[in-house]
Amino acid sequence: MTQRLFPEWHPQDAIQLTWPTRDSDWAPTLPCIEATLEAMVVAIARHQHVLISVPDAATRARLTTTFGHLGVPAGRLRFVEAPADDTWARDHGPIGVERDGTVVLLDYRFTGWGGKFPAEHDDALTRRLAEAGAFAAPVEARELVLEGGAIETDGQGTLLTTEACLLNPNRNPSFDRAAIESRLAADFGVDRVLWLTHGHLEGDDTDSHIDTLARFCDPQTIAYVRCDDPADPHYPALTAMEREIQALRQPDGTPYRLVPLPWPRPCFDPDDGHRLPATYANFLIIDGAVLVPTYADPADARALAALAEAFPDREIVPIDCRSVIRQHGSLHCLTMQLPRGSLAETGDPQDDEER
């Protein structure tokens with residue numbers, strides 16, 4: 001049996017989103033986060049489908065009307081009614097792998113980043129979507145605690161992650177490094193795990209998810225966050241992380257092509273003043289485009305230019321994510337890509353034609 005973890009640039013059927021509710025932590029800023037998600041859906045739907053889990057029929061009807069007014073083709077949207085605790089689809093969504101030429105979706109346990117937040121509904125969401133007929137690919141449950149934002153792959157057997165997350169005792173306390181690597185090899189077919197020891201963002205609840213720090217752009221290229229302000233408290237750890245990344249090698253021994261991403265000015269919560277985890281590494285690769293978080297910061301333009309160079313064949317789409325970091329995530333954290341062959345067809349002729 002051959003198995004591999006799909007890289008994010010593999011052709012996709014859809015992007016999965018989980019819509020926020022007025023009963024969630026988003027309640028004080030719900031109109032703002034909904035506007036951000038609407039902009040994301042408009043951008044994504046130009047290229048592929050969007051699968052959106054919603055809490056109830058009323059939300060589904062409201063969003064159907066909203067996206068109709070925004071010009072999103074109805075055939076590009078899929079809604080499933082299912083309860084959720086929060087919106088971070090990257091961490092409670094399924095992880096797609098290729099097994100002997102077919103797509104399989106792996107459903108890992110999600111515990112609210114090591115028990116920090118309620119997660120019962122989020123942990124059950126992939127199963128509920130499967131039961132509702134959203135997926136064409138089989139869904140397999142896993143007992144391992146693992147979030148999608150914790151791993152990056154080149155699609156060719158290499159996985160990039162952080163020790164602070166995957167080796168944290170709040171995830172899988174009985175697993176040491178060797179046991180984690182063995183499970184990753186079995187599930188994803190990876191034969192190399194590149195571990196970063198350094199790097200974190202203030203305000204981050206995930207214990208240093210790799211998708212906030214460093215990302216594969218293609219098998220030879222890694223984009224990463226660089227802090228160039230010695231006075232910033234992040235500077236020592238991110239400088240040490242930069243040295244680690246510079247020392248990484250491809251399987252053939254050659255260095256990676258590195259794309260340093262700029263450091264935005266500090267963003268602070270307007271209510272209590274704590275620092276928020278603004279990062280340009282939290283971009284999303286879709287078919288034909290890359291959605292990039294921006295923060296109304298002078299560094300936005302440099303981040304967009306750097307990623308345009310890294311992805312010369314894709315449209316670069318800025319998305320204002322100041323609303324998203326209020327809840328300590330960013331653009332990539334809100335999404336999960338579903339690889340080609342994983343989304344069920346609806347039987348709608350318009351949908352079939354668009355696919």
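## Salt bridges, strand pairing and cysteines in a predicted model

Arg226 and Glu242 form a salt bridge in which the closest N and O atoms are 2.7 Å apart; the term denotes a side-chain nitrogen of Lys or Arg within 4 Å of a carboxyl oxygen of Asp or Glu. Arg226 lies in the loop between strand 12 and helix 8, and Glu242 lies in helix 8, so the pair ties together parts that are 16 residues apart in sequence. Helices (H or I, at least four residues) and strands (E, at least two) are DSSP runs, numbered from the N terminus. Arg226 is partly exposed, with a relative accessible area of 35%, whereas Glu242 counts as buried at 13% relative accessibility. Buried stands for under 20% relative accessible area, exposed for over 50%, and partly exposed for the range in between (1.4 Å probe, protein chains only).

The model is predicted: local features need pLDDT of at least 70, side-chain atom pairs count only at pLDDT 80 or more, and totals for chains, interfaces and linings use all residues. Residues are numbered from 1 along each chain as its sequence is written, and side-chain values use heavy atoms, with hydrogens and water left out.

### Further salt bridges

The structure holds 23 salt bridges. Side chains of opposite charge can pair when their charged atoms come close.

| Pair | N to O distance | Sequence separation |
|---|---|---|
| Arg226 and Glu242 | 2.7 Å | 16 residues |
| Arg171 and Asp207 | 2.6 Å | 36 residues |
| Arg265 and Asp297 | 3.0 Å | 32 residues |

The side chains of Arg171 and Asp207 meet in a salt bridge. Arg171 is placed in the loop between helix 6 (163-166) and helix 7, and Asp207 in the loop between strand 10 and strand 11, so this pair ties together parts 36 residues apart in sequence. Arg171 is buried, at 6% relative accessibility.

Arg265 forms a salt bridge with Asp297. This pair links distant parts of the chain, with Arg265 in the loop between strand 13 (257-261) and strand 14 (267-268) and Asp297 in the loop between strand 17 (289-294) and helix 9 (299-310). Asp297 is buried, with a relative accessible area of 9%.

Three strands form an open sheet in the order 8-9-10, with mixed pairing; two strands pair if DSSP finds at least two bridges between them. Strand 8 (152-153) and strand 10 (192-196) stand at the edges, each with a single partner strand, so one side of each is left without a neighbour in the sheet. Strand 8 pairs with strand 9 (residues 158-162) in the antiparallel sense over two bridges. Contact requires heavy atoms within 4.5 Å.

### The hairpin of strands 11 and 12

Strand 11 (residues 214-218) is mostly covered, with four of its five residues buried. Strand 11 and strand 12 (residues 221-225) pair in the antiparallel sense over four bridges, and a hairpin joins the two through two residues. The bridge partner of Phe216 in strand 12 is Ile222.

### Cysteines and His234

A disulfide is counted for a pair of cysteine sulfur atoms within 2.5 Å. By this rule the count comes to zero disulfides. Cys217 is in no disulfide, the nearest cysteine sulfur being that of Cys333, 16 Å away. Cys227 is likewise in no disulfide, and the nearest cysteine sulfur, that of Cys267, is 13 Å away. Cys217 is buried, with a relative accessible area of 4%, and Cys227 is buried, also with 4%.

His234 belongs to the loop between strand 12 and helix 8 (235-247) and is buried at 2% relative accessibility. Not counting residues up to four places away in sequence, His234 touches His200, Leu201, Glu202, Cys227, Trp263 and Arg275.

### Arg128 in helix 5

Arg128 is found in helix 5 (residues 120-131) and counts as partly exposed at 33% relative accessibility. Leaving aside neighbours within four places in sequence, Arg128 is in contact with Ala82 and Pro83. Arg128 and Pro83 are 45 residues apart in sequence and 8.9 Å apart in space, C-alpha to C-alpha.
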